[in-house]
Amino acid sequence: MEKFSLTTAIDYVNGAPHIGHAYEKILCDIIHRHYKKRADKTFFLTGVDEHGIKIQKTAKTLGITPKELCDKNASQFVEAWKLLDIEYSKFIRTTDAEHKKVVQDIFEKLLEKGDIYKHKYKGLYCSGCECFLSDKDLDEDGCCPIHGKKPEAVEEENYFFKLTKYKERIIEHIKNNPEFITPEFRVQEILNQLENIEDISVSRAKTNVEWGIEVKSDPSQVIYVWIDALSNYITALGYDVSGNFGDNFKEFWPVNYHVIGKDILKFHSIYWIGILMALGIELPKGIYAHGWIMIDKNKMSKSTGNVISPKTVMEAFELDKPDALRYFMATCAIGGKDGNYSDEDFKEKVNADLANNMGNLLNRSLNMLVKYFDGEIKEEFKNDALVDVADSTVKEVLSLFDKIDVAGAASKIIALSDEANKYINDNAPWTLYKEGKIKECGQSLYTVLNLMVKTGLLIQPYCPNIANEIARQLKFDINLKYDEITPYMLSAGKLITKEEIKPVFLRLDSEIAGDKKKS
(Lines give C-alpha, C1' and ligand atoms only; values in the text may rest on other atoms or scores of the structure.)
Protein backbone atom coordinates (compact mmCIF):
# COMPACT_ATOMS: atom_id res chain seq x y z
CA MET A 1 0.00 0.00 0.00
CA GLU A 2 1.40 3.36 -1.04
CA LYS A 3 -0.57 5.69 1.26
CA PHE A 4 -3.40 5.85 3.77
CA SER A 5 -5.16 8.80 5.38
CA LEU A 6 -8.05 9.35 7.77
CA THR A 7 -9.71 12.08 9.80
CA THR A 8 -11.71 12.31 13.00
CA ALA A 9 -14.57 14.67 13.62
CA ILE A 10 -13.32 17.92 15.13
CA ASP A 11 -14.55 18.31 18.70
CA TYR A 12 -16.52 21.32 19.85
CA VAL A 13 -14.54 23.15 22.54
CA ASN A 14 -17.44 24.28 24.68
CA GLY A 15 -16.37 21.78 27.33
CA ALA A 16 -13.60 19.41 28.37
CA PRO A 17 -12.88 16.12 26.54
CA HIS A 18 -14.69 13.02 27.80
CA ILE A 19 -14.33 9.33 26.98
CA GLY A 20 -16.80 9.67 24.11
CA HIS A 21 -14.34 12.04 22.43
CA ALA A 22 -11.51 9.73 23.48
CA TYR A 23 -13.16 6.67 21.90
CA GLU A 24 -13.09 8.18 18.42
CA LYS A 25 -9.51 9.44 18.73
CA ILE A 26 -8.27 6.12 20.13
CA LEU A 27 -10.07 4.27 17.34
CA CYS A 28 -8.45 6.45 14.67
CA ASP A 29 -5.02 6.30 16.30
CA ILE A 30 -5.20 2.49 16.29
CA ILE A 31 -6.26 2.46 12.64
CA HIS A 32 -3.48 4.90 11.78
CA ARG A 33 -0.81 2.93 13.65
CA HIS A 34 -1.99 -0.26 11.96
CA TYR A 35 -1.71 1.25 8.49
CA LYS A 36 1.73 2.67 9.27
CA LYS A 37 2.75 -0.99 9.24
CA ARG A 38 1.28 -1.40 5.76
CA ALA A 39 1.59 1.89 3.88
CA ASP A 40 4.59 3.91 2.75
CA LYS A 41 2.98 7.21 3.80
CA THR A 42 0.11 7.98 6.17
CA PHE A 43 -1.75 11.02 7.47
CA PHE A 44 -4.02 11.32 10.51
CA LEU A 45 -5.96 14.56 11.02
CA THR A 46 -7.81 15.65 14.12
CA GLY A 47 -8.62 18.97 15.77
CA VAL A 48 -11.28 21.21 17.28
CA ASP A 49 -14.27 23.26 16.14
CA GLU A 50 -14.19 26.69 17.79
CA HIS A 51 -16.93 28.91 16.40
CA GLY A 52 -20.64 29.36 17.10
CA ILE A 53 -23.23 30.65 19.52
CA LYS A 54 -22.43 28.21 22.36
CA ILE A 55 -18.83 29.43 22.57
CA GLN A 56 -20.03 33.03 22.40
CA LYS A 57 -22.53 32.54 25.22
CA THR A 58 -20.20 30.53 27.47
CA ALA A 59 -17.40 33.08 27.08
CA LYS A 60 -19.76 35.91 27.96
CA THR A 61 -20.92 34.04 31.07
CA LEU A 62 -17.29 33.55 32.14
CA GLY A 63 -16.36 37.15 31.42
CA ILE A 64 -13.66 36.28 28.87
CA THR A 65 -13.37 36.56 25.10
CA PRO A 66 -14.42 33.64 22.88
CA LYS A 67 -10.81 33.26 21.72
CA GLU A 68 -9.58 33.02 25.31
CA LEU A 69 -12.14 30.31 25.98
CA CYS A 70 -11.13 28.46 22.82
CA ASP A 71 -7.42 28.66 23.66
CA LYS A 72 -8.08 27.30 27.14
CA ASN A 73 -10.32 24.43 26.07
CA ALA A 74 -8.38 23.50 22.92
CA SER A 75 -5.31 22.94 25.10
CA GLN A 76 -7.32 20.45 27.18
CA PHE A 77 -7.95 18.36 24.06
CA VAL A 78 -4.28 18.51 23.10
CA GLU A 79 -3.27 17.36 26.60
CA ALA A 80 -5.89 14.60 26.66
CA TRP A 81 -4.66 13.14 23.38
CA LYS A 82 -1.07 13.35 24.60
CA LEU A 83 -2.10 11.43 27.73
CA LEU A 84 -3.64 8.72 25.53
CA ASP A 85 -0.61 8.49 23.20
CA ILE A 86 -2.62 9.74 20.21
CA GLU A 87 -0.06 10.31 17.45
CA TYR A 88 -1.87 12.53 14.95
CA SER A 89 -0.17 14.07 11.92
CA LYS A 90 -1.89 17.43 12.33
CA PHE A 91 -4.16 19.13 14.85
CA ILE A 92 -6.32 21.80 13.25
CA ARG A 93 -8.17 24.60 15.00
CA THR A 94 -10.89 26.41 13.10
CA THR A 95 -9.49 29.67 14.48
CA ASP A 96 -6.25 29.03 12.55
CA ALA A 97 -5.59 31.93 10.19
CA GLU A 98 -5.06 29.75 7.12
CA HIS A 99 -8.27 27.82 7.74
CA LYS A 100 -10.27 31.02 8.08
CA LYS A 101 -8.86 32.44 4.84
CA VAL A 102 -9.62 29.32 2.79
CA VAL A 103 -13.12 29.00 4.27
CA GLN A 104 -13.86 32.57 3.16
CA ASP A 105 -12.54 31.76 -0.31
CA ILE A 106 -14.67 28.59 -0.50
CA PHE A 107 -17.77 30.58 0.43
CA GLU A 108 -17.06 33.20 -2.24
CA LYS A 109 -16.42 30.54 -4.88
CA LEU A 110 -19.77 28.88 -4.19
CA LEU A 111 -21.48 32.28 -4.12
CA GLU A 112 -20.00 33.24 -7.50
CA LYS A 113 -21.01 29.87 -8.90
CA GLY A 114 -24.62 30.44 -7.83
CA ASP A 115 -24.65 27.51 -5.42
CA ILE A 116 -25.10 29.91 -2.49
CA TYR A 117 -27.95 32.42 -2.37
CA LYS A 118 -29.43 34.78 0.23
CA HIS A 119 -32.85 34.02 1.63
CA LYS A 120 -35.12 35.11 4.49
CA TYR A 121 -35.82 32.16 6.70
CA LYS A 122 -37.88 31.22 9.71
CA GLY A 123 -37.17 27.94 11.42
CA LEU A 124 -36.53 25.94 14.56
CA TYR A 125 -32.91 26.18 15.67
CA CYS A 126 -31.27 23.70 18.07
CA SER A 127 -28.21 25.31 19.65
CA GLY A 128 -26.97 21.88 20.76
CA CYS A 129 -26.92 20.50 17.22
CA GLU A 130 -26.12 23.97 15.83
CA CYS A 131 -28.61 23.41 13.04
CA PHE A 132 -32.18 24.09 12.00
CA LEU A 133 -34.63 21.24 12.54
CA SER A 134 -37.94 20.49 10.87
CA ASP A 135 -41.01 19.21 12.71
CA LYS A 136 -40.28 15.65 11.58
CA ASP A 137 -36.85 15.84 13.25
CA LEU A 138 -38.41 16.44 16.68
CA ASP A 139 -39.71 13.91 19.19
CA GLU A 140 -43.35 13.68 20.31
CA ASP A 141 -42.75 16.46 22.85
CA GLY A 142 -41.39 18.80 20.19
CA CYS A 143 -37.83 18.44 21.48
CA CYS A 144 -34.54 17.65 19.75
CA PRO A 145 -34.19 13.86 20.24
CA ILE A 146 -30.45 14.20 20.90
CA HIS A 147 -30.42 17.12 23.34
CA GLY A 148 -33.91 16.79 24.84
CA LYS A 149 -34.68 20.50 24.49
CA LYS A 150 -37.18 22.42 22.41
CA PRO A 151 -35.51 24.32 19.57
CA GLU A 152 -35.74 28.08 19.41
CA ALA A 153 -37.86 29.80 16.74
CA VAL A 154 -35.44 31.91 14.69
CA GLU A 155 -36.18 34.32 11.87
CA GLU A 156 -33.37 35.96 9.93
CA GLU A 157 -31.88 36.46 6.49
CA ASN A 158 -29.09 33.99 5.77
CA TYR A 159 -27.15 32.53 2.91
CA PHE A 160 -28.24 29.06 1.78
CA PHE A 161 -26.41 26.32 -0.08
CA LYS A 162 -28.28 24.64 -2.94
CA LEU A 163 -28.04 21.14 -1.52
CA THR A 164 -31.13 20.04 -3.45
CA LYS A 165 -29.22 20.64 -6.70
CA TYR A 166 -26.90 17.77 -5.78
CA LYS A 167 -29.48 15.44 -4.23
CA GLU A 168 -29.69 12.98 -7.14
CA ARG A 169 -25.91 12.87 -7.59
CA ILE A 170 -25.44 12.10 -3.89
CA ILE A 171 -28.04 9.31 -4.04
CA GLU A 172 -26.40 7.88 -7.15
CA HIS A 173 -22.95 7.94 -5.53
CA ILE A 174 -24.14 6.15 -2.40
CA LYS A 175 -25.98 3.48 -4.38
CA ASN A 176 -23.11 2.92 -6.81
CA ASN A 177 -20.53 2.72 -4.01
CA PRO A 178 -21.90 0.32 -1.37
CA GLU A 179 -18.78 0.66 0.79
CA PHE A 180 -18.88 4.46 0.82
CA ILE A 181 -20.88 4.53 4.07
CA THR A 182 -20.10 1.95 6.74
CA PRO A 183 -21.41 0.13 8.67
CA GLU A 184 -23.80 -1.06 5.98
CA PHE A 185 -26.87 -0.71 8.20
CA ARG A 186 -26.43 3.10 8.14
CA VAL A 187 -26.85 3.39 4.36
CA GLN A 188 -30.64 3.16 4.19
CA GLU A 189 -30.90 5.67 7.02
CA ILE A 190 -29.06 8.24 4.87
CA LEU A 191 -31.04 7.40 1.74
CA ASN A 192 -34.24 7.97 3.72
CA GLN A 193 -32.99 11.35 4.93
CA LEU A 194 -32.14 12.34 1.36
CA GLU A 195 -35.76 11.90 0.26
CA ASN A 196 -36.89 15.11 1.97
CA ILE A 197 -33.62 17.05 1.94
CA GLU A 198 -33.79 20.83 1.62
CA ASP A 199 -31.27 23.59 0.95
CA ILE A 200 -29.24 24.37 4.07
CA SER A 201 -28.35 27.60 5.84
CA VAL A 202 -24.62 28.27 5.61
CA SER A 203 -24.42 31.62 7.41
CA ARG A 204 -25.85 33.39 10.46
CA ALA A 205 -26.58 37.07 10.85
CA LYS A 206 -24.02 38.80 13.05
CA THR A 207 -26.88 40.25 15.05
CA ASN A 208 -27.47 36.71 16.36
CA VAL A 209 -24.01 35.11 16.13
CA GLU A 210 -20.88 37.26 16.27
CA TRP A 211 -18.27 34.56 16.91
CA GLY A 212 -17.43 33.12 13.53
CA ILE A 213 -15.65 33.69 10.24
CA GLU A 214 -17.02 36.73 8.38
CA VAL A 215 -18.41 36.38 4.89
CA LYS A 216 -15.84 38.36 2.90
CA SER A 217 -18.34 40.02 0.59
CA ASP A 218 -20.97 40.58 3.31
CA PRO A 219 -19.50 41.31 6.78
CA SER A 220 -22.99 41.36 8.28
CA GLN A 221 -22.93 37.57 8.11
CA VAL A 222 -20.68 34.89 9.62
CA ILE A 223 -20.04 31.56 7.92
CA TYR A 224 -21.93 28.73 9.51
CA VAL A 225 -20.63 25.34 10.66
CA TRP A 226 -21.31 23.40 7.46
CA ILE A 227 -18.74 25.32 5.45
CA ASP A 228 -16.55 26.34 8.40
CA ALA A 229 -16.10 23.12 10.37
CA LEU A 230 -16.57 20.55 7.60
CA SER A 231 -14.02 22.29 5.38
CA ASN A 232 -11.29 21.56 7.93
CA TYR A 233 -10.76 18.22 6.20
CA ILE A 234 -9.39 19.97 3.13
CA THR A 235 -8.03 23.24 4.57
CA ALA A 236 -5.78 21.28 6.93
CA LEU A 237 -4.29 19.43 3.98
CA GLY A 238 -3.59 22.58 1.99
CA TYR A 239 -6.60 22.98 -0.29
CA ASP A 240 -6.73 26.28 -2.16
CA VAL A 241 -9.61 27.45 -4.36
CA SER A 242 -7.13 28.70 -6.97
CA GLY A 243 -5.80 25.17 -7.46
CA ASN A 244 -2.45 25.94 -5.83
CA PHE A 245 -2.74 22.90 -3.56
CA GLY A 246 -0.35 22.07 -0.74
CA ASP A 247 1.69 18.87 -0.79
CA ASN A 248 -0.48 17.10 1.76
CA PHE A 249 -3.65 17.76 -0.23
CA LYS A 250 -2.03 16.42 -3.38
CA GLU A 251 -0.69 13.42 -1.46
CA PHE A 252 -3.56 12.42 0.83
CA TRP A 253 -6.82 13.70 -0.63
CA PRO A 254 -9.21 12.00 -1.04
CA VAL A 255 -8.83 10.49 2.42
CA ASN A 256 -9.55 6.81 2.93
CA TYR A 257 -11.95 7.50 5.79
CA HIS A 258 -13.79 10.21 7.65
CA VAL A 259 -14.39 8.56 11.05
CA ILE A 260 -17.30 10.26 12.83
CA GLY A 261 -20.09 9.63 15.34
CA LYS A 262 -23.46 8.33 14.16
CA ASP A 263 -25.17 11.58 15.18
CA ILE A 264 -23.28 13.61 12.56
CA LEU A 265 -23.39 11.07 9.72
CA LYS A 266 -26.09 13.04 7.91
CA PHE A 267 -23.92 16.15 7.83
CA HIS A 268 -20.91 14.26 6.47
CA SER A 269 -22.61 11.95 3.99
CA ILE A 270 -25.07 14.53 2.61
CA TYR A 271 -24.11 18.15 3.40
CA TRP A 272 -20.35 17.72 3.06
CA ILE A 273 -20.64 15.57 -0.07
CA GLY A 274 -22.86 18.19 -1.71
CA ILE A 275 -20.35 20.94 -0.91
CA LEU A 276 -17.48 18.88 -2.33
CA MET A 277 -19.47 18.20 -5.50
CA ALA A 278 -20.17 21.92 -5.86
CA LEU A 279 -16.46 22.68 -5.47
CA GLY A 280 -15.53 19.99 -8.00
CA ILE A 281 -13.40 18.15 -5.45
CA GLU A 282 -13.03 14.37 -5.44
CA LEU A 283 -15.09 12.73 -2.69
CA PRO A 284 -13.58 10.89 0.30
CA LYS A 285 -13.26 7.15 -0.27
CA GLY A 286 -15.30 6.24 2.77
CA ILE A 287 -17.20 7.45 5.83
CA TYR A 288 -17.32 5.29 8.95
CA ALA A 289 -19.96 6.11 11.57
CA HIS A 290 -19.35 4.69 15.04
CA GLY A 291 -21.82 4.48 17.91
CA TRP A 292 -21.87 6.30 21.23
CA ILE A 293 -20.15 5.29 24.44
CA MET A 294 -22.63 4.81 27.25
CA ILE A 295 -21.74 5.01 30.95
CA ASP A 296 -23.10 2.08 32.95
CA LYS A 297 -25.55 1.62 30.04
CA ASN A 298 -26.79 5.22 30.25
CA LYS A 299 -26.12 8.01 27.77
CA MET A 300 -23.51 10.52 28.94
CA SER A 301 -25.08 13.80 29.97
CA LYS A 302 -23.96 16.85 31.94
CA SER A 303 -27.42 17.03 33.49
CA THR A 304 -27.14 13.54 34.97
CA GLY A 305 -23.52 14.08 35.98
CA ASN A 306 -22.20 10.87 34.43
CA VAL A 307 -19.64 12.44 32.08
CA ILE A 308 -16.26 10.75 32.56
CA SER A 309 -12.90 11.97 31.29
CA PRO A 310 -10.09 9.64 30.21
CA LYS A 311 -7.84 11.29 32.79
CA THR A 312 -10.31 10.39 35.55
CA VAL A 313 -10.23 6.70 34.58
CA MET A 314 -6.45 6.60 34.46
CA GLU A 315 -6.14 8.32 37.83
CA ALA A 316 -8.76 6.07 39.44
CA PHE A 317 -6.84 2.94 38.42
CA GLU A 318 -3.41 4.56 38.91
CA LEU A 319 -2.38 3.90 35.30
CA ASP A 320 0.82 5.61 34.23
CA LYS A 321 0.37 4.40 30.64
CA PRO A 322 -2.87 4.51 28.62
CA ASP A 323 -2.66 1.04 27.02
CA ALA A 324 -5.37 -0.55 29.16
CA LEU A 325 -7.84 2.26 28.46
CA ARG A 326 -6.95 2.32 24.77
CA TYR A 327 -7.51 -1.43 24.51
CA PHE A 328 -10.81 -1.36 26.39
CA MET A 329 -12.24 1.57 24.44
CA ALA A 330 -11.27 -0.03 21.14
CA THR A 331 -13.06 -3.25 22.03
CA CYS A 332 -16.14 -2.06 23.95
CA ALA A 333 -18.18 -1.22 20.83
CA ILE A 334 -18.71 -3.70 18.01
CA GLY A 335 -19.60 -3.09 14.38
CA GLY A 336 -20.40 0.61 14.65
CA LYS A 337 -22.94 0.08 17.43
CA ASP A 338 -22.99 1.73 20.85
CA GLY A 339 -20.46 0.62 23.46
CA ASN A 340 -20.53 0.76 27.23
CA TYR A 341 -18.02 1.80 29.88
CA SER A 342 -18.18 0.70 33.50
CA ASP A 343 -15.35 0.40 36.02
CA GLU A 344 -16.10 -3.29 36.53
CA ASP A 345 -16.20 -4.11 32.81
CA PHE A 346 -12.97 -2.19 32.30
CA LYS A 347 -11.12 -4.03 35.05
CA GLU A 348 -12.45 -7.43 34.03
CA LYS A 349 -11.64 -7.00 30.33
CA VAL A 350 -8.08 -5.72 30.64
CA ASN A 351 -7.19 -8.17 33.41
CA ALA A 352 -8.44 -11.10 31.33
CA ASP A 353 -6.92 -10.12 27.99
CA LEU A 354 -3.80 -8.11 28.81
CA ALA A 355 -2.67 -9.48 32.19
CA ASN A 356 -3.90 -13.06 32.43
CA ASN A 357 -3.71 -13.89 28.74
CA MET A 358 -0.83 -12.11 27.01
CA GLY A 359 1.19 -10.87 29.96
CA ASN A 360 1.18 -14.06 32.00
CA LEU A 361 1.90 -16.21 28.93
CA LEU A 362 5.01 -14.21 28.04
CA ASN A 363 6.24 -14.04 31.62
CA ARG A 364 6.02 -17.73 32.42
CA SER A 365 7.39 -18.78 29.02
CA LEU A 366 10.47 -16.57 29.39
CA ASN A 367 11.01 -17.72 32.97
CA MET A 368 11.02 -21.34 31.80
CA LEU A 369 13.45 -20.44 29.00
CA VAL A 370 15.82 -18.96 31.61
CA LYS A 371 15.30 -21.81 34.08
CA TYR A 372 15.82 -24.63 31.58
CA PHE A 373 18.11 -23.08 28.95
CA ASP A 374 19.71 -20.03 30.60
CA GLY A 375 17.58 -17.77 28.37
CA GLU A 376 19.05 -19.17 25.16
CA ILE A 377 17.30 -20.10 21.92
CA LYS A 378 18.98 -23.08 20.28
CA GLU A 379 18.81 -23.74 16.55
CA GLU A 380 17.12 -27.12 17.07
CA PHE A 381 14.24 -25.43 18.91
CA LYS A 382 12.80 -23.99 15.68
CA ASN A 383 9.65 -25.74 14.52
CA ASP A 384 6.53 -24.95 12.54
CA ALA A 385 3.92 -25.51 15.26
CA LEU A 386 1.29 -22.73 15.23
CA VAL A 387 3.08 -20.95 12.36
CA ASP A 388 0.07 -21.43 10.08
CA VAL A 389 -2.28 -20.24 12.84
CA ALA A 390 -0.23 -17.08 13.34
CA ASP A 391 0.02 -16.39 9.61
CA SER A 392 -3.72 -16.82 9.10
CA THR A 393 -4.36 -14.50 12.07
CA VAL A 394 -2.20 -11.79 10.50
CA LYS A 395 -4.25 -12.06 7.29
CA GLU A 396 -7.52 -11.96 9.23
CA VAL A 397 -6.45 -8.89 11.20
CA LEU A 398 -5.49 -7.05 8.02
CA SER A 399 -8.81 -7.97 6.42
CA LEU A 400 -10.79 -6.77 9.46
CA PHE A 401 -8.94 -3.44 9.52
CA ASP A 402 -9.87 -2.99 5.87
CA LYS A 403 -13.48 -3.06 7.11
CA ILE A 404 -12.67 -0.77 10.09
CA ASP A 405 -13.56 -3.65 12.41
CA VAL A 406 -11.07 -2.70 15.11
CA ALA A 407 -12.85 -4.63 17.87
CA GLY A 408 -13.08 -7.74 15.69
CA ALA A 409 -9.37 -7.54 14.87
CA ALA A 410 -8.54 -7.31 18.59
CA SER A 411 -10.53 -10.46 19.30
CA LYS A 412 -8.46 -12.32 16.68
CA ILE A 413 -5.22 -11.14 18.31
CA ILE A 414 -6.36 -12.27 21.76
CA ALA A 415 -7.53 -15.57 20.23
CA LEU A 416 -3.95 -16.05 19.02
CA SER A 417 -2.74 -15.77 22.61
CA ASP A 418 -5.47 -18.21 23.62
CA GLU A 419 -4.04 -20.69 21.14
CA ALA A 420 -0.58 -20.23 22.61
CA ASN A 421 -1.88 -20.70 26.16
CA LYS A 422 -3.68 -23.88 25.13
CA TYR A 423 -0.55 -25.10 23.35
CA ILE A 424 1.74 -24.58 26.33
CA ASN A 425 -0.73 -26.22 28.71
CA ASP A 426 -1.22 -29.20 26.37
CA ASN A 427 2.52 -29.67 25.77
CA ALA A 428 3.61 -28.90 29.35
CA PRO A 429 7.27 -27.99 28.78
CA TRP A 430 7.92 -28.36 32.53
CA THR A 431 6.93 -32.04 32.26
CA LEU A 432 8.95 -32.54 29.08
CA TYR A 433 12.02 -31.17 30.82
CA LYS A 434 11.56 -33.47 33.83
CA GLU A 435 11.20 -36.42 31.47
CA GLY A 436 14.48 -35.55 29.78
CA LYS A 437 12.82 -34.50 26.53
CA ILE A 438 15.01 -31.43 26.28
CA LYS A 439 14.62 -30.73 22.59
CA GLU A 440 10.81 -31.05 22.75
CA CYS A 441 10.77 -28.75 25.77
CA GLY A 442 12.78 -26.14 23.88
CA GLN A 443 10.58 -26.49 20.82
CA SER A 444 7.42 -25.89 22.81
CA LEU A 445 8.88 -22.71 24.35
CA TYR A 446 10.12 -21.52 20.96
CA THR A 447 6.66 -22.06 19.50
CA VAL A 448 5.04 -19.84 22.11
CA LEU A 449 7.69 -17.11 22.08
CA ASN A 450 7.76 -17.04 18.28
CA LEU A 451 4.00 -16.55 18.32
CA MET A 452 4.35 -13.83 20.96
CA VAL A 453 6.52 -11.81 18.57
CA LYS A 454 3.67 -11.80 16.06
CA THR A 455 1.16 -11.03 18.79
CA GLY A 456 3.28 -8.07 19.89
CA LEU A 457 3.41 -6.67 16.35
CA LEU A 458 -0.35 -7.02 15.94
CA ILE A 459 -1.28 -5.56 19.36
CA GLN A 460 1.10 -2.58 19.01
CA PRO A 461 -1.50 -0.21 17.50
CA TYR A 462 -3.77 -0.85 20.50
CA CYS A 463 -1.17 -1.05 23.27
CA PRO A 464 2.06 0.65 22.10
CA ASN A 465 3.76 0.58 25.51
CA ILE A 466 2.97 -3.06 26.21
CA ALA A 467 4.12 -3.95 22.70
CA ASN A 468 7.38 -2.06 23.20
CA GLU A 469 8.01 -4.06 26.37
CA ILE A 470 7.27 -7.34 24.58
CA ALA A 471 9.69 -6.29 21.85
CA ARG A 472 12.38 -5.40 24.42
CA GLN A 473 12.17 -8.81 26.05
CA LEU A 474 11.93 -10.80 22.81
CA LYS A 475 14.54 -8.65 21.03
CA PHE A 476 12.62 -7.76 17.86
CA ASP A 477 11.94 -4.49 16.04
CA ILE A 478 8.43 -3.33 16.98
CA ASN A 479 8.36 -1.11 13.86
CA LEU A 480 8.47 -4.06 11.47
CA LYS A 481 5.81 -3.92 8.78
CA TYR A 482 3.32 -6.73 8.50
CA ASP A 483 4.79 -7.97 5.23
CA GLU A 484 8.11 -8.40 7.05
CA ILE A 485 6.66 -11.05 9.38
CA THR A 486 8.33 -14.37 8.63
CA PRO A 487 7.55 -17.91 9.90
CA TYR A 488 10.50 -17.85 12.33
CA MET A 489 10.94 -14.52 14.12
CA LEU A 490 13.44 -15.63 16.79
CA SER A 491 17.08 -16.32 15.98
CA ALA A 492 19.33 -18.79 17.76
CA GLY A 493 21.39 -17.29 20.58
CA LYS A 494 21.03 -15.68 23.98
CA LEU A 495 17.59 -14.08 24.25
CA ILE A 496 17.15 -12.86 27.81
CA THR A 497 18.40 -12.99 31.41
CA LYS A 498 16.24 -13.37 34.48
CA GLU A 499 16.87 -9.72 35.41
CA GLU A 500 15.45 -8.57 32.07
CA ILE A 501 12.12 -10.31 32.54
CA LYS A 502 9.40 -7.91 33.65
CA PRO A 503 5.59 -8.18 33.67
CA VAL A 504 4.29 -6.35 30.60
CA PHE A 505 0.97 -5.57 32.29
CA LEU A 506 -0.01 -6.05 35.94
CA ARG A 507 -3.54 -6.92 36.95
CA LEU A 508 -5.45 -3.84 38.05
CA ASP A 509 -6.13 -5.41 41.45
CA SER A 510 -2.53 -6.54 41.91
CA GLU A 511 -0.84 -5.53 45.16
CA ILE A 512 2.36 -5.12 43.18
CA ALA A 513 0.59 -2.65 40.92
CA GLY A 514 -0.48 -0.57 43.91
CA ASP A 515 -2.51 -1.26 47.05
CA LYS A 516 -4.73 1.75 46.36
CA LYS A 517 -6.13 0.31 43.17
CA LYS A 518 -9.82 0.77 42.64
CA SER A 519 -11.57 -2.51 43.38
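**A threonine, the core and the cysteines**

Modeller: In this predicted model, the side chains of Thr447 and Asn383 are joined by a polar contact of 2.9 Å.

Colleague: Where is Thr447 placed?

Modeller: Thr447 is in helix H17, which covers residues 438-459.

Colleague: Is Thr447 buried or exposed?

Modeller: Thr447 counts as buried, because its relative accessibility is 2%, and buried means under 20%.

Colleague: Which residues does Thr447 touch, not counting those up to four places away in sequence?

Modeller: They are Asn383, Ala385, Leu386 and Tyr423.

Colleague: Now the largest nonpolar core. Which of its residues touch the most other members?

Modeller: The core has 111 residues, and Tyr341, Phe346, Tyr462 and Leu474 touch the most other members. Helix H13, residues 343-373, gives the largest share of this core, with 13 residues.

Colleague: What is Tyr341 in contact with, leaving aside neighbours within four places in sequence?

Modeller: The contacts of Tyr341 include Ile19, Ile293, Phe317, Phe328 and Phe346. Apart from this core lies another, of 67 residues, among them Tyr166 and Val225.

Colleague: How many disulfides does the structure hold?

Modeller: It holds zero disulfides. For Cys28, the nearest cysteine sulfur is that of Cys332, 14 Å away.

Colleague: Is Cys28 buried or exposed?

Modeller: Cys28 is buried, with a relative accessible area of 0%. Cys332 is also in no disulfide, and the nearest cysteine sulfur to it, that of Cys463, is 14 Å away. Cys332 is buried, with a relative accessible area of 16%.

Terms used
Residues numbered from 1 in each chain as written. Predicted model: local features only at pLDDT ≥ 70, side-chain atom pairs only at ≥ 80, totals over all residues. Heavy atoms only, no water. Helix = DSSP H or I, 4+ residues; strand = E, 2+ residues; numbered from the N terminus. Buried < 20%, exposed > 50% of the residue type's maximum accessible area, 1.4 Å probe, protein only. Polar contact = N/O pair within 3.5 Å; in protein donor to acceptor, adjacent residues only side chain to side chain. Contact = heavy atoms within 4.5 Å. Core = buried A, V, L, I, M, F, W, Y, C linked by side-chain atoms within 4.5 Å. Disulfide = S-S within 2.5 Å.
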